[in-house]
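Reader: I would like to learn how to read a structure such as this one. Please go through it feature by feature.

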Amino acid sequence: QASLAQAPIHKGTRQPKTSKRPRWLSASADPVRQDGFICSDLAFHQLSMDLKDIRSLAIGLYSALGALLFGMDIGYIAPILECASFKRDVAHMEDWMNPEAKIESTTTGFIVGIFSVGAIIASFPAVSGYFLDEWGRRASIAVGCSVFIAAVSAQVAASSITHIVIGRFVAGFSIGLLSATVPLYQGEVAPAHLRGTLMSMYQLMITLGILIASLADVALVEQEDGWRMAVLLQAIPAAVLLAGTSFLPSSPRWLVQKGYNDEALEALLTMRGRDEAVKELAEIVDDVTQMQTLGEPKWGDLSRGRIGQLLLIGVTLQLLQQLVGMNAFMYFGPRIFQDLDLNANRFQAINNFVNFLSTFPALWLADHAGRRSLLVWSAIGMTITCFVMGTLGVAFLTKNGDIWETDRPWMPPVVASMVFLFVFNFAYGWGPIVWVYCGEIFPLRYRARCVGVTATANWVGNWIVAQFTPYLLEQAGFGTFFFFGFFSAVALLLALWLPETKGVVLEQVGKIFDDKLGVDPEDKMVSSRSGKDAANYGSVRAA
């Protein structure tokens, strides 16, 4: 155990510090508490572990405020684009008082989509990888929050389409960095038996942000300058997360990469029992030692060998998460409900509430039922509902101006219920579990860059949906849902193939994919020892 706190693997920017360990961390510590109550070793150990699990969950929940910002930015924009005062103050429409007057679909698509462009740039590994590797995970969260607050200020003061576009671009940049950072951070600080739960919190907070923003829109957008207040509310959680980043523990894996083994052990001990922390640190040190014998990772490694295969899996997961069409309902739900002659804001609020509540099952099921089964059942549900919506829309709805009409009064509520059922199936499966997989399948040597690439892929898919959904709805109507149904079916095929990773320590996840993809562990280790074809293996085996 003492060898774990020896000299750093390589020098960082500061000298590692050696701290005096509290007496209660020692294996020989007396179980008698100061208050006079005596606990058995077993009971005290169990209490200690329960408290550490609670602390781990609290850290995961607090860091997931970065995802809350993501959700609020998704949730606020759709009703605002239909808001009369926004049409007057920003779009400068002459008929802004007319409820049926709409901003051109190309303009709305650009306003929504420019957010994704900013996110694509920030999440690209050349940008996010720099912050993650050089500044660290915790500092990157602080940078993302600071930029987001500036972006919110620009949007609140907007008086033209240009101003709102600039503000949303900058907001997208901050969320792109946070989307590459928060899942990675959560995965690296989480104990193996809680990693699915903690990383599912990312999606839960996205859904909560969407819900909060939609409720704020319902309460505020019809008031004078109410849309500005709805935008300003986003700055509150950003400021809370920024203020608390200094209290979050650093990623132990990043600390070991920088050579701060003592600090890594201290960070682990705040979230693990001593034996578990020491064992996990040994695996991290072993992983990093073998990683560093291979030298600095090369960008070309990401496109070939085992790393290329893993990255292809991650990119496909993130693209499919978007192309199944969930954000079509988040960004343009009010327009879809309005076209069905339903109360747009009310039904969108219900939709967002379904989204939020349906994410909760994933918090427990991810580490009990497993990741793969959630993805399978989620994809089945999405495929069925998409094809039902497309079939009903094509068969029974006809376009009359901007409104879809039918002689069957049951049609609008049935289609709306299918929307809710689609959202339910997405929320417990493909919403949270994709982030879980992408945060755990890559070896430490390439993790920051690979997570950045997969986050970029997510934002590319987000941009495609944001940019082209208004056009598809205008041209194809409810046939648009056949498009989303096709990608939901593809998502099902991928889910059926994926291996299960629940309960596996991060340093061992690569071996599961090696076994799935047919790599012999001994051949993998020979490759790692020789330093040749470094991208041809998925992980390094713990000693």
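The dialogue below goes from the whole chain to single residues.

Author: This is a predicted model, in which local features need pLDDT of at least 70 and side-chain atom pairs count only at pLDDT 80 or more, while totals for chains, interfaces and linings use all residues. Residues are numbered from 1 along each chain as its sequence is written, and side-chain values use heavy atoms, with hydrogens and water left out.

Reader: How many helices and strands does the chain have?

Author: Helices (H or I, at least four residues) and strands (E, at least two) are DSSP runs, numbered from the N terminus. The chain has 23 helices and two strands.

Reader: What share of the residues counts as buried?

Author: Buried means under 20% relative accessible area, exposed over 50%, and partly exposed in between (1.4 Å probe, protein chains only). Of the 543 residues of the chain, 58% are buried. Helix 12, residues 261-269, is mostly covered, with eight of its nine residues buried; among them are Asn261, Asp262 and Glu263.

Reader: How is a pair of packed helices described?

Author: The angle between the axes and the distance between the axes describe two packed helices. Axes are lines fitted to C-alpha atoms, for helices over the stretch in contact, and angles run from 0 to 180 degrees between N-to-C directions. Here the axes of helix 2 (residues 65-81) and helix 4 (residues 105-123) come within 11 Å and cross at roughly 170°. Helix 2 is therefore roughly antiparallel to helix 4 (under 35 degrees counts as roughly parallel, over 145 as roughly antiparallel, 65 to 115 as roughly perpendicular and the rest as oblique).

Reader: Which residues make the contact between helix 2 and helix 4?

Author: Helix 2 contributes Asp73, Ile77 and Leu81, and helix 4 contributes Thr108, Ile111, Val112 and Phe115.

Reader: Where are residues with a positive phi other than glycine?

Author: His92, with phi near 55°, lies in the loop between helix 3 (84-89) and helix 4. Asp225, with phi near 60°, is found in the loop between helix 8 (195-220) and helix 9 (226-232). Asp225 is partly exposed, at 33% relative accessibility.

Notes:
Contact means heavy atoms within 4.5 Å.
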